[in-house]
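This briefing walks through one protein chain, topic by topic. Please keep the structure open while reading.

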Amino acid sequence: MIEKLAINGGKPVRDTYLAYGKQYIDDDDIKAVVDVLKGDYLTTGPKVKEFEDTVANYVGAKYAVAVSNGTAALHTACLAAGIGEGDEVIVPPITFAASSNCILYCGGKPVFVDINPDTYNIDVEKIEGAITVRTKAIIPVDFAGQSVDMDLICKIADKYNLTIIEDAAHALGSEYKGEKIGSIADMTEFSFHPVKPITTGEGGVIVTNNEELYKKMLLFRSHGITRDSKLLTHNEGPWYYEQLHLGYNYRITDIQCSLGLSQINKIDEFVKNRREIVNRYNEAFKDIEEIITPREDEFSNSGWHIYVIKLNLDKLTCTRKEIFEALQVENIGVNVHYLPVYLHPYYEKLGYKRGLCPEAEKLYERMLTLPLFPKMTDKDVEDVIRAVKKVVDYYSMENCPL
Ligand SMILES: *Cc1c(COP(=O)(O)O)cnc(C)c1O
């Protein structure tokens, strides 16, 4: 029997709304923040370096620069890579706008390369076709936490002398070929926004093994100002500093870094929980023809920042919109990640046109993000599964009276 949907006046699967993502803060996190508030340094103090060293150590990179948010991290990386007026940078369209905005901030031109329809990551086979004499860098995105194939991307980058800035905002704790993401690209960015794998409220970091890039990023984080006697053009005394580049104030506070230090203690547990929930979802949906569960390449071990299903519209009597709306009324906080970046009005004004990346556009019509966060209860997970089955059943072609 087909259950009456909440959107048609039936009883919702849940009484309370379940968000699609949510931070987890415990007493240790709260204590870590309070301790800094009671101390001497609110910013530019010891917690920043301690957090940077901890992140670098966790991902297996030599250096880390913590900044005010993930977008600032990407911008700082682009500045260090020397991206400027007229430079082209390759980026996938199924991502948050920040992956591409950072190129525009530097006067560069984002060149969108379509996605692989199975993994939703950039289609590596299509990268070379997009390279021109102006191409300077590639910004691959580890979508949902799934690693891109870095060996292949490095090969292309080597051949054309391109910088790789990996946008791993979704992927702290994820692995590529058994190693944590963060030690392969020239620079790798992570975000600490509350829905991301760990949080500092707002925050971001860039990790690198390259000392020269590291030093540049330190400068760009703080106005391009230095006190380093080796960099000064001359020295007028102990008070003296110089601005060498047009940098920014992208500093992060000790309050945030102290929270980050406490959060990163829990990353492995968070990732473990996320993987368990994803396994339950995959198992529950595996025989439902209307739903395509995420596919992971064998070289990747995702930490699953988000769980994205693809709707098989051929088997449904409705579009993604009806399913989205019906699930919302069942009190399941579904979401969509993402509208292809170049379809935003701002990008359309820059001249990008519909049809540029057909696979991304096709995926966009079908994708749906289900709730996923480390501290979801068994009941939360069951509610999502039950609601998805209920709504999909209702709109299934199989049950269509015609
Ligand atoms: C969240 C996110 C960012 C930016 O991070 P903020 O910390 O929110 O500035 C960049 N890229 C992707 C893919 C993201 O999801």
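Helices here are DSSP runs of H or I with at least four residues, numbered from the N terminus. By that numbering, R320 lies in helix α9, which covers residues 320–329. The model is predicted.

**R320 and its surroundings**

- R320 is buried, because its relative accessible area is 10% and the cut-off for buried is under 20%.
- Neighbours within four places in sequence aside, R320 is in contact with L311, L313, V336, Y364, E365, R366, M367 and L368.
- R320 and E166 are 154 residues apart in sequence, and their C-alpha atoms are 30 Å apart in space.

**Helix α8**

- Helix α8 runs over residues 267–285, which makes 19 residues.
- From its first C-alpha to its last, α8 reaches 27 Å, close to the 27 Å expected at 1.5 Å a residue.
- Which residues of α8 are buried? They are I267, F270, V271, N273, R274, I277, V278, Y281, A284 and F285.
- Seen down the axis of α8, these buried residues fall within an arc of 160°, so they line one face of the helix.
- The face of α8 turned away from the buried side carries two exposed residues, K272 and N279.

**The largest pocket**

- The volume of the largest pocket is about 440 Å³.
- Its lining consists of 19 residues, and L218, L219, R221, S222 and I225 lie nearest the centre.
- Helix α6 gives the largest share of this lining, with seven residues.
- At least two lining residues of the largest pocket come from each of α2, α6 (211–221) and β10 (225–226).
- By type, the lining of the largest pocket divides into seven nonpolar, four polar and eight charged residues.

**The second largest pocket**

- The second largest pocket has a volume of about 320 Å³.
- It is lined by 22 residues, and those nearest its centre are F96, A169, S191, H193 and K196.
- Which element supplies the largest share of the lining of the second largest pocket? That element is α3, with three residues.
- Each of α3 (70–80), α4 (98–105) and β8 (187–191) supplies at least two residues of the lining of the second largest pocket.
- The lining of the second largest pocket is made up of eight nonpolar, 10 polar and four charged residues.

**Cavities**

- Rolling a probe the size of a water molecule over the atoms shows where empty space is left.
- There are two cavities of 30 Å³ or more in the model.
- The largest cavity holds about 70 Å³ of space.
- Residues that line the largest cavity include D118, T119, Y120, F143, A144 and Q146.
- Also among the lining residues of the largest cavity are P294, R295, W304, I306, Y307 and V308.
- Of the residues that line the largest cavity, eight are nonpolar, two polar and two charged.

**Backbone details in loops**

- A144, named above in the lining of the largest cavity, sits in the loop between β4 (135–138) and α5.
- The phi angle of A144 is near 65°, a positive value in a residue other than glycine.
- A144 counts as buried, because its relative accessibility is 5%.
- H223 is in the loop between α6 and β10.
- H223 also has a positive phi, near 70°, and is a residue other than glycine.
- Is H223 buried or partly exposed? At 32% relative accessibility, H223 counts as partly exposed.
- The peptide bond from H337 to Y338 is cis, with omega near 5°.
- Y338 is placed in the loop between α9 and α10 (345–350).

**N161**

- N161 lies in the loop between α5 (150–160) and β5 (163–167).
- N161 is exposed, because its relative accessible area is 70% and exposed means over 50%.
- N161 and T135 are 26 residues apart along the chain, and their C-alpha atoms are separated by 9.1 Å.

Terms used. Residues are numbered from 1 along each chain as its sequence is written. This is a predicted model: local features need pLDDT of at least 70, side-chain atom pairs count only at pLDDT 80 or more; totals for chains, interfaces and linings use all residues. Side-chain values use heavy atoms; hydrogens and water are left out. The expected span of a helix is 1.5 Å times one less than its number of residues. Buried means under 20% relative accessible area, exposed over 50%, partly exposed in between (1.4 Å probe, protein chains only). The arc is that of the directions from the helix axis to the C-beta atoms. On a 1 Å grid over the protein atoms alone, a cavity is a set of points where a 1.4 Å probe fits but cannot get out, and a pocket is an open set with protein on both sides within 12 Å along at least five of seven lines; lining residues have an atom within 4 Å of a point. Grid points are joined across faces, edges and corners, and a volume is the space filled by probe spheres set on the points. Ala, Val, Leu, Ile, Met, Phe, Trp, Tyr, Cys and Pro count as nonpolar, Asp, Glu, Lys and Arg as charged, and the others, Gly among them, as polar. Contact means heavy atoms within 4.5 Å.
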